[in-house]
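This report describes the fold of one protein chain and the surroundings of one of its residues. The sequence and structure are shown below.

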Amino acid sequence: MKKGKHAVVSLSGGMDSSTLLLRCLKEYTTVTAISFDYGQKHRVELERAQSLVNYLNSREGIYINYRVIKLDGLVDLLNSTLVEGGEDVPEGHYAEENMRATVVPNRNKIFASITQAIALSVADRTGETCDIALGLHSGDHAVYPDTTEEFRQADTHAFRIGNWNSDSVGFFTPYMEGNKFTILQDGEALCDELGLDFTEVYKRTNTSYKPYPSGNSDYKSASSVERIEAFIKLGKPDPVQYEDETGEVSWDVARTHAEHILSTHNS
């Protein structure tokens with residue numbers, strides 16, 4: 001049974017939001033997906049998002065209304081290792097202090113304002129409720145304060161008092177208490193339920209903050225280590241191609257490196 005009529009998904013092109021997109025296809029009647037081009041170094045995620053939408057829209061009974069919102073005029077005004085012109089993205093584990101360098105100032109607030117405007121417009125146009133779907137999860141909270149439930153509630157309060165008919169917009173955050181592994185587990189189940197090929201879906205996602213010019217993922221930055229850890233726990237190889245300074249590497253190489261990082265961090 002569908003959860004509701006309409007959903008607007010904030011789709012980064014990463015594993016979390018791509019899984020969320022599948023969940024919304026399962027739960028909602030109409031789905032709009034929004035990506036943002038803000039001058040990120042890992043722009044390959046936008047290519048992956050478009051590829052995933054194209055794949056899903058080729059399936060019978062699925063239609064996603066997809067848009068990329070260009071904010072790349074901000075790139076030289078933002079101080080973050082994630083945007084073009086910023087310092088190198090650090091390597092290691094997400095729990096390490098240096099991961100704060102990957103914060104993009106006020107990023108989710110900027111994205112939220114635009115997504116709220118779209119969702120409210122859908123609600124006003126249809127005369128029906130519309131949910132905003134966000135792939136927030138507990139693994140991000142320590143590094144990114146704009147992914148916490150406290151932030152979301154405060155931001156929602158501002159949205160509610162600043163707009164007429166704002167009570168027609170709700171929120172769908174199914175992974176708030178989960179992590180990348182539980183999200184990937186849900187994705188595996190959703191592929192079965194929706195008749196999708198797991199490999200075809202997840203090879204069309206990017207989690208690396210330091211992709212190579214080829215578009216292949218690195219396996220040493222924190223975002224990549226966290227993704228690889230999820231696939232290790234799931235017991236499946238990651239279908240994206242990994243690379244290092246020597247060229248393309250196998251899944252075994254990426255997995256072994258991640259296992260070393262994780263064992264060092266946990267010891």
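Leaving aside neighbours within four places in sequence, Y202 is in contact (heavy atoms within 4.5 Å) with M15, T19, L22, L184, G187, C191, R227, F231, P239 and V240. The model is predicted, so local features need pLDDT of at least 70 and side-chain atom pairs count only at pLDDT 80 or more, while totals for chains, interfaces and linings use all residues. Residues are numbered from 1 along each chain as its sequence is written, and side-chain values use heavy atoms, with hydrogens and water left out.

Y202 belongs to helix α6, residues 198-202; helices (H or I, at least four residues) and strands (E, at least two) are DSSP runs, numbered from the N terminus. Y202 is buried, its relative accessible area being 0%. Buried means under 20% relative accessible area, exposed over 50% and partly exposed in between, with a 1.4 Å probe and protein chains only. G187, one of the contacts of Y202, lies 15 residues away along the chain, and the two C-alpha atoms are separated by 9.0 Å.

M15, T19 and L22, also among the contacts of Y202, are buried residues of helix α1. Of the 13 residues in α1, 12 are buried.

An open sheet of 5 strands runs in the order β3-β2-β1-β4-β5 with parallel pairing. Strands β3 (64-70) and β5 (169-172) stand at the edges with a single partner strand each, so one side of each has no neighbour in the sheet. The twist averages 25 degrees from one strand to the next. Two strands pair if DSSP finds at least two bridges between them; β1 (residues 4-10) and β2 (residues 28-37) are joined in the parallel sense over 6 bridges. G4 stands opposite Y28 in β2. Helix α2 (residues 44-57) packs on the sheet, touching β2 and β3, and its direction makes about 165 degrees with that of β3. Axes are lines fitted to C-alpha atoms, for helices over the stretch in contact, and angles run from 0 to 180 degrees between N-to-C directions.

Values for the chain are listed below.

| Property | Value |
|---|---|
| Helices and strands in the chain | 8 helices and 7 strands |
| Buried residues | 52% of the 267 residues |
| Contacts with a separation of 6 or more that join residues 24 or more positions apart | 71% |
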